[in-house]
Amino acid sequence: ADRPFDAECLFCKIVSGAIPAEVVLDTPRALAFRDINPQAPLHVLVIPKGHYRDVAELAAAGGGLLDELVLAARDVAVEAGAADKGYRVVFNVGAGAGQTVYHTHAHVLGGRGLTWPPG
Ligand code: 5GP
Ligand code: ZN
């Protein structure tokens, strides 16, 4: 598929298979895999296969990609049995919010009580 790609990007390398990941969902335009440093019993990252630096850039690209990520996040939570008690979908945008990988990703967190605000 024709989609933006960044050869230096960690998550583009996961999409291409150059770096392994524990994949839990694979669709034509999205990939979900376990976070390497999980913060909850369920902690999965859902990413577009194309390279977009943050969720705003992804949303601006249109084409329903953001909707697909949100629905993939739901599918991951349902599959993990975490949907009933609630789960969280988080996009960190920018360094001040904790974004460290500039290939947008939804954190899907669940399987334990989640407090608000997150800190
Ligand atoms: P951010 O801080 O950008 O919102 O989230 C980046 C996330 O990617 C972190 O939760 C971090 O643990 C995870 N991560 C970083 N490198 C890797 C990796 O190589 N593999 C996987 N599966 N997760 C990673
Ligand atoms: Zn990328």
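The protein chain has an average pLDDT of 97, and 99% of its residues score at least 70, where pLDDT is the predictor's confidence in each residue on a scale from 0 to 100. For the complex, the predictor reports an ipTM of 0.99 and a pTM of 0.98. The model is predicted, and local features therefore require a pLDDT of at least 70 and side-chain atom pairs a pLDDT of 80 or more, while totals for chains, interfaces and linings use all residues. Residues are numbered from 1 along each chain as its sequence is written, with chains lettered from A and ligands numbered from 1 in the order in which they are written.

UniProt, in an unreviewed entry, lists residues 10-119 as "domain: HIT"; positions follow the numbering used here, the feature name is shortened, and such annotations may be inferred rather than shown by experiment. Over this range the chain is 26% helix and 22% strand, and the end C-alpha atoms lie 26 Å apart. Helices (H or I, at least four residues) and strands (E, at least two) are DSSP runs numbered from the N terminus.

Ligand 1 is surrounded by 13 residues, the closest being Ile36, Asn37, Asn92, Thr100 and Val101; a residue is counted if its C-beta atom, placed from the backbone, lies within 6 Å of the molecule. The shell comprises 6 nonpolar, 5 polar and 2 charged residues.

Two prolines were examined. Pro20 occupies the loop between helix H1 (10-16) and strand E1 (23-26), and its C-alpha atom is 9.8 Å from that of Phe33, 13 residues away along the chain. Pro117 lies in the segment after strand E5 (106-110), and the peptide bond from Trp116 to Pro117 is cis, with omega near 0°.

Note on methods:
Nonpolar A, V, L, I, M, F, W, Y, C, P; charged D, E, K, R; others polar.
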